[in-house]
Amino acid sequence: MRRRVAALAGVALSLLMPATAGAAPGNRIVIDVVTANGSGCPIGTTAVAMSPDNTAMTVTYSHYSARVGAGAGPVEFRRNCQLNLNVHVPNGLTFAVASVDYRGFGHLERGAAGLHQAAYYFQGQGSTQRSGRRFFGPMDDDWQVRDEIPIMERVYRPCGVQRNININTELRVYGGQSDLRNPSFLNMDSSDVEFSTKYNLTWKACPTR
């Protein structure tokens, strides 16, 4: 599956320009979704887009929900999505993920628990940024996880080489001691609200030879 994208939608990657770099690249940055695999993003349920000013990339999920209890199947307690994205970066520039804001909605019965996990890395690089957050019932509210990456730990895409960025996310829900006659769930989407995961990026110029 390969989709060229350009409009704004629900998981946002904001491109934060350092003070010395000035404004975002003037020409439109295009993003190709090379692959989108996983139970949390079946074909046709995920869209990726870049904002007109090149400052935000969004990923919208419409079928990303882990659940247990009433109405849930035996494997619905876990949902995941693996995105492989080709960001067409202008010559002479590179970027790294500086922070990430994951958002969604959860309903957990008393005694139930949930887990959100994420990882992102460039193809061919051993360094992988990981984050995780646990949730405990009772819960019936929006949730948000912020992952700050220290400056010295940020991994930049190699200059002069094509390297796609991989974004892997996962939701899990555990029934625990809860009454399984009632449902518990974690969503990375909503039927009436656009929740977004925002990958804030820093840009810098590649060294000249």
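Y64 is buried, with a relative accessible area of 0%, where buried means under 20% relative accessible area, exposed over 50% and partly exposed in between (1.4 Å probe, protein chains only). Y61 is likewise buried, at 8%. Y61 and Y64 form an edge-to-face aromatic pair. Rings of Phe, Tyr and Trp (its six-membered ring) pair if their centres lie within 6.5 Å; planes under 30 degrees apart count as stacked, over 60 as edge-to-face and the rest as tilted. By this rule there are five aromatic pairs, two of which are tabulated here.

| Pair | Centre to centre | Angle between planes | Class |
|---|---|---|---|
| Y61 and Y64 | 4.9 Å | 85° | edge-to-face |
| F105 and F185 | 6.2 Å | 35° | tilted |

This is a predicted model, in which local features need pLDDT of at least 70 and side-chain atom pairs count only at pLDDT 80 or more, while totals for chains, interfaces and linings use all residues. Residues are numbered from 1 along each chain as its sequence is written, and side-chain values use heavy atoms, with hydrogens and water left out.

The pair of F105 and F185 links strand β8 (residues 93-108) with strand β13 (residues 184-187), its members being 80 residues apart; strands (E, at least two residues) are DSSP runs, numbered from the N terminus. F105 is partly exposed, at 23%, whereas F185 is buried, at 16%.

Ring pairs also link F95, F122 and W203 into a cluster. The charged end of K204 sits over the ring of Y156, 4.1 Å from its centre; this requires NZ of Lys or CZ of Arg within 6 Å of the ring centre and within 35 degrees of the ring normal.

In the backbone, the peptide bond from G137 to P138 is cis, with omega near 5°. P138 lies in the loop between β10 (129-136) and β11 (139-148).

Conventions
Helix = DSSP H or I, 4+ residues; strand = E, 2+ residues; numbered from the N terminus.
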